[in-house]
Amino acid sequence: MAGHVGSRRGRRGGLITAALAAVVTGIVLIAFAILHQESAPAPQVAGRIDTGRTLDSGAAARAAKVIGAARPTRIRIPAAGVDTAVNAIGLNPDGSLAVPQPGPHLNEAAWFRNSPTPGQQGPAIIEGHVDSVEGESVFFRLGAVRPGNRIRVWRADGSILEFTVNAVRDYPKATFPTSVVYGGDLSAPQLRLITCSDFNETTHHHEGNEVVFSHLTRVVRPGTHAVRDDGR
Amino acid sequence: MHKALRVLVPLAAAATPLALMSSATAAGTSYQTTLNPLNHASGTGMATISLQGNTANIHVSWSGLAATFNGSPYPHVQHIHVGGQGQCPTTSADKNGDGVISTTEGGPAYGGIGTTLSEHGDTSPAAGTNIKIAPSSGSTDYQRTINVSSKVAAAIRDGSAVVVVHGLDPSTLSKKAQNEKSDLVKSLPLAATSPALCGVLTAMPTGGVATGTGSTAGVENQGLLEAGGALVLVGGLALYGVRRRRTTIGV
């Protein structure tokens, strides 16, 4: 009799333990899922876009000497954890900037082929997805970039260039300032990075574009760029 | 007022905002080009044009070209060329084999002069070789608002307009080419008028950039959340059941 009661109590104890364990495990899983709910960092608007005047004299201007054309092949942005290949991209039939399509290059950066190559005069444009159908993409953490951060670009001529961020902006796509982003100061080598920002939970669309403005501050390794006569 | 007119006036008034809107969207568009070297020149540059009707706000910036000519600042005539194939010439355009693509040899690719990008005064094709009003230096950052011809405006819009900067460093030319006269102005050497930088104007990208799908903006780890919830539910129910049975036994 006593043994029977004891085994019943033991069985009940086991059930309680199992139930408690299930509840605790469940809570841990939920907590883990919530803590790892990762959103792209929101861009912090800072810095000045136009650095022309301050670069006109001094060491910065000498270091930022214009160099010839050579396509970018790789970009590294330590502040955003980016280290990726760079492919060339053009315009969509509707005149907008094309973006990397599903395939092997979806989550790599893309250089706009009608813009200068990094190191030439004017703003070179490199874009990347913040996220894709596959989840986080190459510029997921671009929002973490701040003025003063460094960007390195490798080019097809073997040169390595270092750009320094001077400004971060967040523009509504509806009023995207085309001539500010693709034009502006043409006298010095610039590099501008573009990705998506400002996700709207209601419309389920990114309604903004983050633009990182940087300028050439150092030629880490000179290239062997030959002058090319084909204009590209 | 005529009866038909009385109907038409409010209709016209209603249509006005529509007309204004469409003209606002079509009003100004921006174009850009990267200026790359021709004829072994060492320069690089960029040009942008903001076009409203026939009014062109032009910005041309380049560096690395020959800085002096006979001891004086080197004049670099620069133009918007139109009426050609809308391309920059390749070395195959050098028909006489002197190693230099002359302005004439480059003609089929980029066409004739449409607008002269002079620093002041005449901007017509007639000023095309007027070195007195051309930028004179190894580098320039040029901005000018010019009323271009309808032909030039149309060429900019359809992608066949080409920005060309002329003037080569004579020492980079072959001996033969160094002794040649300009194909345009017989009193000048070939180097002075031959193209040094070239770029085809294309429209800047319009609107924002579609670099996101929002896949990481919603709920992630949905499976984990569901599993966690199920475990809490099952465990909770089991505990509730055990408690009820114990209560029954207690009574």
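**Two chains, one model: a quick tour**

Let's start at one residue. In contact means that the C-beta atoms, placed from the backbone, lie within 7 Å.

A word on the source. This is a predicted model, where local features need pLDDT of at least 70 and side-chain atom pairs count only at pLDDT 80 or more, while totals for chains, interfaces and linings use all residues. Residues are numbered from 1 along each chain as its sequence is written, and chains are lettered from A in the order in which they are written.

Back to E162(A). Which strand holds E162(A)? Strand β9 of chain A. Helices (H or I, at least four residues) and strands (E, at least two) are DSSP runs, numbered from the N terminus. Why does E162(A) count as partly exposed? Because E162(A) has 19 C-beta neighbours inside 10 Å. The scale runs like this: buried takes 20 or more other C-beta atoms within 10 Å, exposed takes 12 or fewer, and partly exposed is in between. S214(A) is 52 residues away from E162(A) in sequence, yet their C-alpha atoms are 9.6 Å apart.

Now the strands around it. β9(A) and strand β11 (residues 205-221) of chain A run antiparallel, joined by 12 bridges. Strands pair if DSSP finds at least two bridges between them. F163(A) has L216(A) in β11(A) as its bridge partner. β11(A) also pairs with strand β10 (residues 189-200) of chain A, antiparallel again, over 10 bridges. There, C196(A) partners N209(A). β10(A) and β11(A) make a hairpin, with four residues between them. In that turn, H204(A) has a positive phi of about 60°.

Chain A as a whole, then. Chain A has four helices and 11 strands. Of its 232 residues, 43% are buried. Take the contacts in chain A between residues at least 6 apart in sequence: 68% of them join residues at least 24 apart.

Next, the core. In soluble globular proteins, nonpolar side chains tend to be buried together. A nonpolar core here is a set of buried Ala, Val, Leu, Ile, Met, Phe, Trp, Tyr and Cys residues joined through C-beta atoms within 7 Å. The largest one has 90 residues, and I126(A), I156(B) and V162(B) touch the most other members. Strand β9 (residues 160-172) of chain A gives the most to this core, five residues. As for I156(B), beyond four places in sequence it touches Y31(B), I49(B), L51(B), A161(B) and L201(B).

How many residues of chain B are in contact with chain A? 54, against 65 residues of chain A. On the chain B side, β1 (28-37), β2 (44-52), β3 (55-63), β11 (202-203) and α6 (222-250) each supply at least two residues. α6(B) gives the largest share, 13 residues.

Last stop, helix α2 (residues 103-110) of chain B. T103(B), G106(B), A109(B) and Y110(B) are buried in it. Down the axis of α2(B), the buried residues fall within an arc of 95°, so they line one face of the helix. That arc is taken over the directions from the helix axis to the C-beta atoms. Their cover includes β6 (78-83), β7 (111-116) and β9 (162-166) of chain B. After α2(B) comes G111(B), with a positive phi near 85°.

How values were computed
Two residues are in contact if their C-beta atoms, placed from the backbone, lie within 7 Å.
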